[in-house]
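Please read the points below beside the coordinates.

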Protein chains: 2
Amino acid sequence: MTTRPEHRPVRVLQYGMGPIGQACAHVLLDKARAGHVELVGAIDINPALVGQRVGPSDVTITSDVEASLQAARPDVVLHTTGSFLDKVKDQILCCARAGAHVISSTEELTFPYSKYPGISSEIDAVAKACGVVVIGTGVNPGYAMDTLALAATGVSASAQRIEVSRVVDASKRREPLQRKVGAGLTARAFRIRRDKGEFGHIGLRESLEVVATGLGWVLDEMVETLEPVLAVYPVKTDYFSVAPGEVAGILQTAVGSRNGHELIRLTLKMYLGAQDPVDRVRVHGVPPIDMIVKGGIFGDTATVGSLINAIPRVMDAPPGLHTVITLPVPRAFGV
Amino acid sequence: MTTRPEHRPVRVLQYGMGPIGQACAHVLLDKARAGHVELVGAIDINPALVGQRVGPSDVTITSDVEASLQAARPDVVLHTTGSFLDKVKDQILCCARAGAHVISSTEELTFPYSKYPGISSEIDAVAKACGVVVIGTGVNPGYAMDTLALAATGVSASAQRIEVSRVVDASKRREPLQRKVGAGLTARAFRIRRDKGEFGHIGLRESLEVVATGLGWVLDEMVETLEPVLAVYPVKTDYFSVAPGEVAGILQTAVGSRNGHELIRLTLKMYLGAQDPVDRVRVHGVPPIDMIVKGGIFGDTATVGSLINAIPRVMDAPPGLHTVITLPVPRAFGV
């Protein structure tokens, strides 16, 4: 097990300099002033970014992954390049083989075992052989609809059924997310593109499996739905104008059952102009729990927090592929 | 490290058969039906209890600790005999030496390092030598005002200050708790007995230290206050009648600061007839978080849940003295 260096900052390399990666890099530079971390490298393949400096630092963005890893010798790589594990697997393995822990925003890595048993085993084996931890996390999946749901059952003498809902006003989020929810399309166009798999939040099924696995609940059925939410009044954001009747966003659900009994229901509403953003976990059991995050958890900054806050817990964990189930209680890292 | 037996129920011994211990034993018997756990012994020194059967089980309450541990060979002891670590230390060590993990409701064990550095080292050393985990937990301290507060910062890109408040309607709780908050006394009698240390919730300082330590925040000042809450209208419970002007309960605070800046404030109101029971965590930072458990977490059953839910996480943890900071995210255990 790589142990946390007590007397020097954690060396962190940022792999992926899209909006989330840029934000991670800047928060890392902020935290570097207190001596907790040091940004030692930044990787992106975008030619428009390569060669640029990261903020006020000496770090220059490079596209040469192996050379960068070798030169920077990071303790930890924050990996933010894509949602789909099969597409980013080699990037993650490359970092692990360079001896770095990998904390990735790849949604499918949050709970990869069902969809990618082979890749999961391979990552676990490489991570163990290289003495590093690999984990997928973020605000959602990774926190709002899974870790928080588990934590809400932490004092349940008995938990029978769980409902998690997240309502996000997409008009306050970054442009890619607004596009991802289908803003401005007709319902018909939405459904056509939905059926091709072009829309929807990635990771709801992963959150469902995190909750079920964390609780030791064996599900015999998992059903997902994805429908458009239509605007009832005009909505205008910095990026989109949506007329009444056009798609404002998505209503997505994932429901897990056993023997015909619904045990876990996750409901995600993410649309432009959502009136009452909130995160809510209801545990039907003894005692009953109704936990609410007023106003909801603001996703863009929270994803950055989730990735960075995993750093010390990852460094103290035994090597291998982890999930949020196996790490200690999440908490803020650094000031 | 003692590893969790995969193919047999966890053997649990209940040490302390007061109200919480009795409730633990009965929830254990419930969960035993699903095969997760087995109640293998029960210990209490109360002569009125010794020799009695526990619920519909074959377990008989005994006062002979060592014989009981030897006969029952528990994997885990749930220990619920007292609040003060110096008074129960030998009980805990005795269980650890018998090779059992110890999950204790002893409030001072939730974070024992500052008040009892010597006892903490001794427990840690014995636990490691015997290959077992020892931990103190419960609903409060152990969850509502510390673990949950840490979890609320889980996606903070930056956390500057934390406020935790818990409002409990003591009229709905068990009799010892109503007595512990001074119900029915005059304010003068309350203050005299308070100054002798007879009143107040045990563990608020421990919760403060859990939050600070979990966040890596070094405090240079910790201040606690304890004042009576006076009834404004008559309150009658099954155990007490309180007239207006008499003590209905307590208002207790613990505040941690550094360089004169308040960083963490815990506020506990526990009184008969409290109108709006709630648990609330506010994280001042980026993103801001305002987390609320509506109606509050009902303490009597939640303490039982907290102790029992720690079982699988304790069995998977490396040996030694732990706190809620080092264990994985809490979640319900069994059905």
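Where is the place of A:Met17? The points begin with that residue, after a word on conventions. This is a predicted model, in which local features need pLDDT of at least 70 and side-chain atom pairs count only at pLDDT 80 or more, while totals for chains, interfaces and linings use all residues. Residues are numbered from 1 along each chain as its sequence is written, chains are lettered from A and ligands numbered from 1 in the order in which they are written, and side-chain values use heavy atoms, with hydrogens and water left out.

1. A:Met17 lies in the loop between β1 (10-15) and α1 of chain A, where helices (H or I, at least four residues) and strands (E, at least two) are DSSP runs numbered from the N terminus. The residue is buried, with a relative accessible area of 2% (buried means under 20%, exposed over 50%, partly exposed in between, with a 1.4 Å probe and protein chains only). Leaving aside residues up to four places away in sequence, A:Met17 touches A:Gln22, A:Ala25, A:Ala42, A:Ile43, A:Asp44, A:Leu49, A:Val54 and A:Ile61, contact being heavy atoms within 4.5 Å.

2. In chain B, seven strands form an open sheet with parallel pairing, in the order β3-β2-β1-β4-β5-β6-β15; two strands pair if DSSP finds at least two bridges between them. Because β3 (61-62) and β15 (320-322) of chain B each have a single partner strand, one side of each is left without a neighbour in the sheet. Strands β1 and β2 of chain B are joined by six bridges, and B:Val10 stands opposite B:Val37 in β2(B).

3. Between the chains, 45 residues of chain A are in contact with 46 residues of chain B. About 3600 Å² is buried between them, 62% of it on carbon and sulfur atoms (buried area is the accessible area, 1.4 Å probe, that two parts lose on being put together, summed over both). A:Val155, A:Val329 and A:Arg331 supply 18% of the area that chain A buries against chain B, more than any other three residues.

4. The rule finds two salt bridges across this interface, a salt bridge being a side-chain nitrogen of Lys or Arg within 4 Å of a carboxyl oxygen of Asp or Glu. A:Lys294 forms a salt bridge with B:Asp290, with the closest N and O atoms 3.9 Å apart.

5. The strand β14(A) gives the most to the side of chain A that touches chain B, with six residues. It pairs with strand β14 (residues 289-294) of chain B in the antiparallel sense over three bridges, and A:Ile292 stands opposite B:Ile292 in β14(B).
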